[in-house]
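Let's take a friendly walk through a protein fold, one piece at a time. Keep the picture in view as you read.

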Amino acid sequence: MLIVMTSEPEQQIGAGVPDAFQRLWTPHRMAYIQGENKPTGPGAGDGCPFCSLPSQHDEDALIVRRGEHVYAVLNLYPYNSGHLMVVPYRHVADYTELDQAETVELAALTQQAMTALRAASGAQGFNIGMNQGDVAGAGIAAHLHQHVVPRWGGDMNFMPVVGHTKVLPQLLADTRKMLADAWTG
């Protein structure tokens with residue numbers, strides 16, 4: 001992240017009227033906006049990142065915990081620090097396609113994720129859920145994944161509201177290690 005701060009508004013050609021707001025540049029978000037790591041189709045062999053992540057080392061893939069049927073991985077484009085996803089190894093799109101063992105372990109790893117996030121970061125609440133299908137906002141609709149987003153009192157500041165930018169105070173590799181160390185179960 002590059003932070004550019006000036007004491008006086010700087011006039012720039014084509015930048016509009018100086019407004020005394022300082023700029024927080026987040027060029028890393030452009031990868032998400034442009035669809036980097038998006039599958040080319042609905043099949044497991046169509047570049048699905050959730051299918052390829054388990055073949056990598058945990059640190060490289062940002063995997064926090066592996067189970068028998070599902071795994072927990074940090075979101076590469078998080079809404080909050082510690083935002084992770086619980087993902088089945090099997091490439092299925094819909095919650096109703098999970099078998100009983102996958103459903104049980106998805107629930108268990110979600111509970112464990114909450115425990116780890118509370119221990120590691122003092123999370124006070126959570127947003128937990130799945131977006132099923134493109135029309136529901138799923139970024140990768142072809143492979144089911146459940147979001148676990150930690151929340152803290154006062155964590156909503158002006159940046160997301162006014163600046164449409166989320167400020168994350170920790171590198172993903174550091175967050176992954178902190179959560180992996182705090183994980184029990």
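Two elements are in contact here when they have heavy atoms within 4.5 Å of each other. With that in mind, look at this predicted model. Helix 4 lies across strand 3, strand 4, strand 5, strand 6 and strand 7, and runs at about 15 degrees to strand 7.

Those strands build an open sheet of five strands, in the order 3-4-5-7-6, with antiparallel pairing. Strand 3 and strand 6 each have a single partner strand, so one side of each is left without a neighbour in the sheet. On average, neighbouring strands of this sheet are turned by 20 degrees against each other, direction ignored. Within the sheet, strand 4 and strand 5 are joined by five bridges, and valine 73 faces methionine 85 of strand 5.

Now turn to helix 6. Which residues of helix 6 are buried? They are Thr175, Arg176, Leu179 and Ala182. These residues sit on the same side of helix 6 because they cover an arc of only 140 degrees around the axis. The face turned away from the buried side carries the exposed residues Ala173 and Asp181.

| Element | Residues |
|---|---|
| helix 3 | 58-61 |
| strand 3 | 63-66 |
| strand 4 | 70-74 |
| strand 5 | 84-88 |
| helix 4 | 100-121 |

Finally, find leucine 168 in the loop between helix 5 and helix 6. Leucine 168 counts as partly exposed because its relative accessibility is 23%. Leucine 168 and proline 78 are 90 residues apart in sequence, yet their C-alpha atoms are 8.4 Å apart in space.

Notes:
Residues numbered from 1 in each chain as written. Predicted model: local features only at pLDDT ≥ 70, side-chain atom pairs only at ≥ 80, totals over all residues. Heavy atoms only, no water. Buried < 20%, exposed > 50% of the residue type's maximum accessible area, 1.4 Å probe, protein only. Helix = DSSP H or I, 4+ residues; strand = E, 2+ residues; numbered from the N terminus. Arc of directions from axis to C-beta. Pairing = 2+ DSSP bridges. Axes fitted to C-alpha atoms, helices over the stretch in contact; angles between N-to-C directions.
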